[in-house]
Amino acid sequence: FVKVTNYPDAWKEEFTHYRYYADDPTRVACQVTASPFLWNGLGDIIRMTQRQQAFMKAAQRNGLALGYTVPIPV
């Protein structure tokens, strides 16, 4: 398992406080596809809940507007 992040401390605190890890849309998308994806294309991979949409808006407020995830199928 490899996890590489350089997320801002404010985002890490918000992520934990609101328990966003429970419905992280990037994690959900990794369960659906083995292909790498841009975060702004999540809506093409999964149907995001309101909470997941709020998650992405909060991430953007914390400087994480664009991202790229490479799923590692196990």
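**Salt bridges and a helix pair**

Guide: A salt bridge joins the side chains of Asp-9 and Lys-12, at 3.3 Å from N to O; the term denotes a side-chain nitrogen of Lys or Arg within 4 Å of a carboxyl oxygen of Asp or Glu. The model is a predicted one, in which local features need pLDDT of at least 70 and side-chain atom pairs count only at pLDDT 80 or more, while totals for chains, interfaces and linings use all residues. Residues are numbered from 1 along each chain as its sequence is written, and side-chain values use heavy atoms, with hydrogens and water left out.

Visitor: Where do Asp-9 and Lys-12 lie?

Guide: Both belong to helix H1 (residues 9–17), three residues apart, or about one turn of the helix. Helices (H or I, at least four residues) are DSSP runs, numbered from the N terminus. Asp-9 is exposed at 54% relative accessibility, and Lys-12 is partly exposed at 41%; buried means under 20% relative accessible area, exposed over 50%, and partly exposed in between, with a 1.4 Å probe and protein chains only.

Visitor: How many salt bridges does the structure hold?

Guide: Side chains of opposite charge can pair when their charged atoms come close. The structure holds three salt bridges. In one of them, Arg-51 pairs with Asp-23, with 2.8 Å between the closest N and O atoms. This pair links distant parts of the chain, 28 residues apart: Arg-51 is in helix H4, and Asp-23 is in the loop between H1 and helix H2 (25–30).

Visitor: With which residue does Glu-14 form a salt bridge?

Guide: The partner of Glu-14 is Arg-61, and their closest N and O atoms are 3.3 Å apart. Glu-14 lies in H1 and Arg-61 in H4 (residues 50–61), so the pair ties together parts 47 residues apart in sequence. Glu-14 is buried at 17% relative accessibility, whereas Arg-61 is exposed at 61%.

Visitor: At what angle do the axes of H1 and H4 cross?

Guide: Two packed helices are described by the angle between their axes and the distance between the axes. The axes of H1 and H4 come within 10 Å and cross at roughly 160 degrees. Axes are lines fitted to C-alpha atoms, for helices over the stretch in contact, and angles run from 0 to 180 degrees between N-to-C directions. H1 and H4 are therefore roughly antiparallel, a term for angles over 145 degrees.

Visitor: Which residues make the contact?

Guide: Trp-11, Glu-14 and Phe-15 of H1 meet Phe-55, Ala-58, Ala-59 and Arg-61 of H4, contact meaning heavy atoms within 4.5 Å.

Terms used:
Helix = DSSP H or I, 4+ residues; strand = E, 2+ residues; numbered from the N terminus. Parallel < 35°, antiparallel > 145°, perpendicular 65-115°, else oblique.
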